[in-house]
Amino acid sequence: MIFVTGGAGFIGSNFVLNWLKEETNSIINLDKLIYSGNLLNLKSLKNNPLHIFVQGDIQDRALIRKLLNQYKPQAIVHFAAETHVDRSIYDPTPFIQTNVIGTLHLLQETLDYWKNLNEHSKNHFRFLHVSTDEVYGSLRQQDEPFKETSRYAPNSPYSASKAASDHLVRAFHNTYGLPTLITHCSNNYGPFQFPEKLVPLMIINATQGKILPIYGDGLNIRNWLYVNEHYEALCLVLSKGKPGEHYNIGSETEITNMDLVHTICSILDDLKPNSPYVPHASLIQFIKDRPGHDRRYSIDCSKMRQELGWKPKENFKANFHKTIEWYLNNMTWVEKVMSGEYRKWIQLHYKETS
Ligand code: NAD
Ligand code: DAU
């Protein structure tokens, strides 16, 4: 049994779905179901006895204690978080509550549980904290990619909260010996991503003839990794990673936001040649930049390659094609998640352009 937090969100639900396809080990999935978490993502597991879903908050120590003692997991994979940088700029408070206090409470209960395991279980137990490359800050064009030894320099309230949680995880390893692992992944794309994030927002807006809002000059650089590749990397870290270590995960291809949006538009032109919005790129509009917008991320995954034998497969075009087709074929999912909360956010954030 493994214990997953945030398993109804984008990366968490893809992790749970993939795990239950491959593994016989069951999952207890604790998720508060905030706006970005959705049980629709896990619909295919409805009658699967290997998936136990509990709606709850990672800040709720009594609930975590009860679940740990009841299900006795051999690992925790911690995805639950507030994750959208733009929202953290409007209001950092929930980011501190969930990402920092929530992680602390989870660590405290995990420590109590772990201390009482027998020697064998104690040695094999792992706490995997899913962090981000954003904790390393922003790179200039001439800078070397982020390594695990790069200095922390978070720039947004979101990345600052993730950095704080990383430090707590590290401290629980160093102080109490809890066998922790920390991963830093670059931007993910794939099915079930909440459409406030760049990729699904662009796909959905383009199919509906809405503007494609690009911040600033569109030359910010990200490295996009298909979510299933992230899953494979996490499984390797869980089974072979060394407690106390950090691992960078990601694509090593650097793409500007503008090039990415053009790629999405040209795939859509091919998939929907009769759409009234062809060429979809004509919907692109440059809008006010994100405050403190990180210019460039670039991730060095040589540690994953050398120590765990993982490398990104980099079939970017094919995976983007697959992802766009997924959104086009799952418009019911799209409509359902674009609820009142979604519309409220879009109106607040893009009010000058929509
Ligand atoms: P997401 O926003 O899609 O999902 C987050 C999930 O956490 C949701 O299901 C939500 O309901 C749940 N949650 C939020 N607050 C909670 C709380 N207090 N208690 C319990 N559950 C709570 O996020 P995602 O994109 O799937 O990201 C998952 C993790 O991966 C995060 O920790 C994020 O920092 C990290 N990450 C994301 C990316 C990316 O590109 N999306 C890249 C690197 C790392
Ligand atoms: O790097 C990993 C991180 O990737 C994760 O830790 C975060 O949880 C995840 O949200 C993501 O952060 P980004 O800020 O990079 O992702 P987002 O999809 O919000 O934006 C990607 C880029 O696109 C970024 O440079 C901002 C830009 N953008 C975004 C939106 C929503 C636009 O130009 N227009 C938009 O409307």
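This is a predicted model: local features need pLDDT of at least 70, side-chain atom pairs count only at pLDDT 80 or more; totals for chains, interfaces and linings use all residues.
Reader: Which residues are they?

Author: V85, I89, E134, S156, R222, R290, P291, G292, H293, D294 and Y297 line this cavity (on a 1 Å grid, points where a 1.4 Å probe fits but cannot get out, with lining atoms within 4 Å of a point). Its space is about 50 Å³, and the structure holds 4 cavities of 30 Å³ or more.

Reader: Switching topic, how many aromatic pairs are there?

Author: The whole structure has 21, counting ring centres within 6.5 Å. In one of them, Y35 and F194 sit edge-to-face (planes over 60 degrees apart), with 5.1 Å between centres and 75 degrees between planes.

Reader: Where do those two lie?

Author: Y35 is in the loop between strand 2 (27-31) and strand 3 (51-55), and F194 in the loop between strand 7 (188-189) and helix 7 (198-207), so their pair ties together parts 159 residues apart in sequence. Helices are DSSP runs of at least four residues, strands of at least two.

Reader: And how do helix 2 and helix 4 cross, left-handed or right-handed?

Author: Their crossing is right-handed, meaning that the near helix is turned clockwise from the far one by less than a right angle. Residues are numbered from 1 along each chain.

Definitions and conventions. Chains are lettered from A and ligands numbered from 1 in the order in which they are written. Side-chain values use heavy atoms; hydrogens and water are left out. On a 1 Å grid over the protein atoms alone, a cavity is a set of points where a 1.4 Å probe fits but cannot get out, and a pocket is an open set with protein on both sides within 12 Å along at least five of seven lines; lining residues have an atom within 4 Å of a point. Grid points are joined across faces, edges and corners, and a volume is the space filled by probe spheres set on the points. Rings of Phe, Tyr and Trp (its six-membered ring) pair if their centres lie within 6.5 Å; planes under 30 degrees apart count as stacked, over 60 as edge-to-face and the rest as tilted.
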